[in-house]
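Open the model in a viewer and keep the selection panel at hand.

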Amino acid sequence: LRHLILVLGDQLDLAASAFDGFDCAQDAVWMAEVAEESTHVWSGRPRIALFLSAMRHHREALRAAGRTVHYRELEESGKGGGLAEELTRAIARLKPQRLILTEPGDWRVGEALVQAAKAAGCPLEVRDDRHFYATRADFATHARGRKQLRMEYFYREMRRKHGVLLDAAGEPEGGQWNFDPENRGSLLAGGPAGLKAPVKFEPDAITRGVIDLVNRVFADHPGKLDQFDWPVTTVEARVALQDFIAHRLEKFGQYQDAMWTEEAWLYHSRLAAAMNLKLLDPREVVGAAEQAWRKGRVPLAAAEGFIRQILGWREYVRGVYWRSMPGYVELNALEAHGALPQFYWTGDVPMVCLSQAIRQSLELGYAHHIQRLMVTGLYGLMLGVEPRKVHEWYLAVYVDAVEWVELPNTLGMSQYADGGIMASKPYVATGKYIQRMSNYCAGCRFDPAKATGPEACPFTTLYWDFLQRHEKRLAANPRMALQVKNLARLKPAELAAIRQQAGAIRANGGVPPVGPGEPGL
Ligand code: FAD
Ligand code: SF4
């Protein structure tokens with residue numbers, strides 16, 4: 001065997017750089033399902049099932065393209081081993097002259113494979129991942145000499161470099177780079193009227209086999225598979241893209257921050273997992289959104305708002321990840337050491353917003369950005385949960401979770417544990433933010449306007465407590481100064497009562513204790 005091409009579960013692209021120069025007569029592909037990837041963080045069943053189903057479909061696509069695939073199914077590789085052990089066995093058996101790998105999306109996996117190849121004495125060539133617009137080297141060039149990284153500047157650079165949403169003179173269409181003021185509405189009282197549900201993909205025989213397997217082998221992992229309808233092939237992912245462009249992109253920008261009871265998808269694309277598994281090329285997604293605007297089917301603000309998420313945020317967080325690893329995962333700028341509340345694994349909690357966001361995350365493997373940032377993330381931050389524990393929960397639960405994108409978003413953006421690399425200030429707010437952006441509070445027994453007393457919204461209590469606990473640090477941040485100044489409007493007795501109530505919430509596992517005669521769950 002000349003070359004053995006290593007294909008990981010999030011590298012399901014027939015045209016990946018590792019295949020450049022592939023010769024069906026002399027080369028082969030290696031893929032392995034290993035339990036360790038689902039247990040090193042306690043992955044939810046939807047996430048495990050999506051990865052395994054998409055991998056098995058990809059195996060069939062590789063074979064249909066005439067490529068020899070050496071594939072270990074989960075039950076062959078057993079419940080114990082990891083990718084490195086499997087690779088060591090494959091090298092001994094197949095004796096390739098060289099291993100070729102497109103750079104992985106997880107520092108830990110990359111290191112393990114490099115070490116395994118070294119120990120086996122087999123040369124390993126790691127190639128750039130051209131799925132992304134920017135290489136790691138491009139991002140390093142962008143970052144060089146900058147005191148402070150900002151997504152907005154990187155995004156503008158990317159728009160110019162790749163000719164996205166530019167007019168004939170090379171300037172941004174519509175005369176501005178950013179249409180945020182037109183975006184970010186709440187759904188107000190009306191709810192998502194006329195919203196068309198996203199296209200579903202009925203499980204085929206391969207997916208049904210995987211669902212049985214996951215229910216059997218990972219029976220004690222969270223989540224359910226009876227609603228599993230994710231795209232698992234490139235063909236399906238393209239159908240999902242067209243469905244989004246036709247039915248939901250128009251209002252994406254306007255309602256991207258809105259939340260609504262029992263409405264998991266709203267106007268979101270559900271495409272992150274397909275892109276992160278490399279079933280779908282981001283250029284195709286960005287191109288489809290731009291075309292929809294050029295043909296007059298969606299407003300510029302919607303197309304730009306959506307494109308910014310992919311060409312801007314998605315590329316930017318990857319740059320931050322590779323620039324900051326391996327130390328990034330250890331950061332804890334606010335010195336938070338609390339435990340992750342048990343209810344993150346059940347959704348069993350009286351706060352309606354948390355209950356909705358967590359149940360949906362566990363059951364579907366999905367929550368949209370604002371649920372992740374301003375409900376589950378915000379609560380963990382203000383409660384003072386250890387950032388690494390929060391990171392492990394996000395990595396476990398979401399179908400689109402791969403470390404390069406999950407870690408900077410969780411540890412950096414949502415927990416401010418990197419001290420300001422990802423976000424220029426901690427995203428903190430009282431329950432009034434959630435009240436403005438959703439209908440959750442209308443059905444909740446707490447009151448976002450109150451910080452103390454039995455009806456106090458725990459977000460509001462913890463917000464004022466957070467500002468007090470970190471007052472010195474936050475006052476030095478010009479973007480937080482106004483928020484911190486508001487502390488002065490509260491009387492010392494009110495501040496003390498807030499501190500006491502926050503302490504009681506922490507002592508009670510993250511839930512306000514129920515006093516005598518008060519309603520419980
Ligand atoms: P849409 O709302 O339709 O957005 C379109 C696309 O833009 C997404 O598919 C995604 O590819 C991209 N995108 C949007 N926001 C971001 C962002 N902040 N960073 C990177 N890409 C972005 N995204 C992941 O893909 N995997 C993760 O593990 C992940 N973890 C997150 C953890 C936290 C705490 C937060 C706040 C955000 C996280 N995100 C993650 C970003 C974002 O929440 C998801 O990409 C999005 O919710 C996926 O749903 P969607 O495909 O319907 O996205
Ligand atoms: Fe969440 Fe507070 Fe609103 Fe209840 S009142 S839904 S806890 S923000």
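Select helix 18 (431-437), which gives the shell around ligand 2 its largest share, 3 residues. Helices here are DSSP runs of H or I, at least four residues long, numbered from the N terminus. This is a predicted model, in which local features need pLDDT of at least 70 and side-chain atom pairs count only at pLDDT 80 or more, while totals for chains, interfaces and linings use all residues. Residues are numbered from 1 along each chain as its sequence is written, and chains are lettered from A and ligands numbered from 1 in the order in which they are written.

Next, show all 14 residues around ligand 2; C353, G431, C441, C444 and C457 come nearest. A residue is near if its C-beta atom, placed from the backbone, lies within 6 Å of the molecule. Helix 14 (352-364) and helix 19 (458-469) also give two or more residues each. Colour by class: 12 are nonpolar, 2 polar and none charged (Ala, Val, Leu, Ile, Met, Phe, Trp, Tyr, Cys and Pro count as nonpolar, Asp, Glu, Lys and Arg as charged, the others, Gly among them, as polar).

Move to ligand 1. Of the 27 residues around ligand 1, H268, S269, A272, Q309 and E406 come nearest. Helix 17 gives the most to this shell, 6 residues. The shell around ligand 1 divides into 12 nonpolar, 10 polar and 5 charged residues.

Finally, select helix 7 (residues 151-162). Just after helix 7, G163 has a positive phi of about 60°.

Methods: The expected span of a helix is 1.5 Å times one less than its number of residues.
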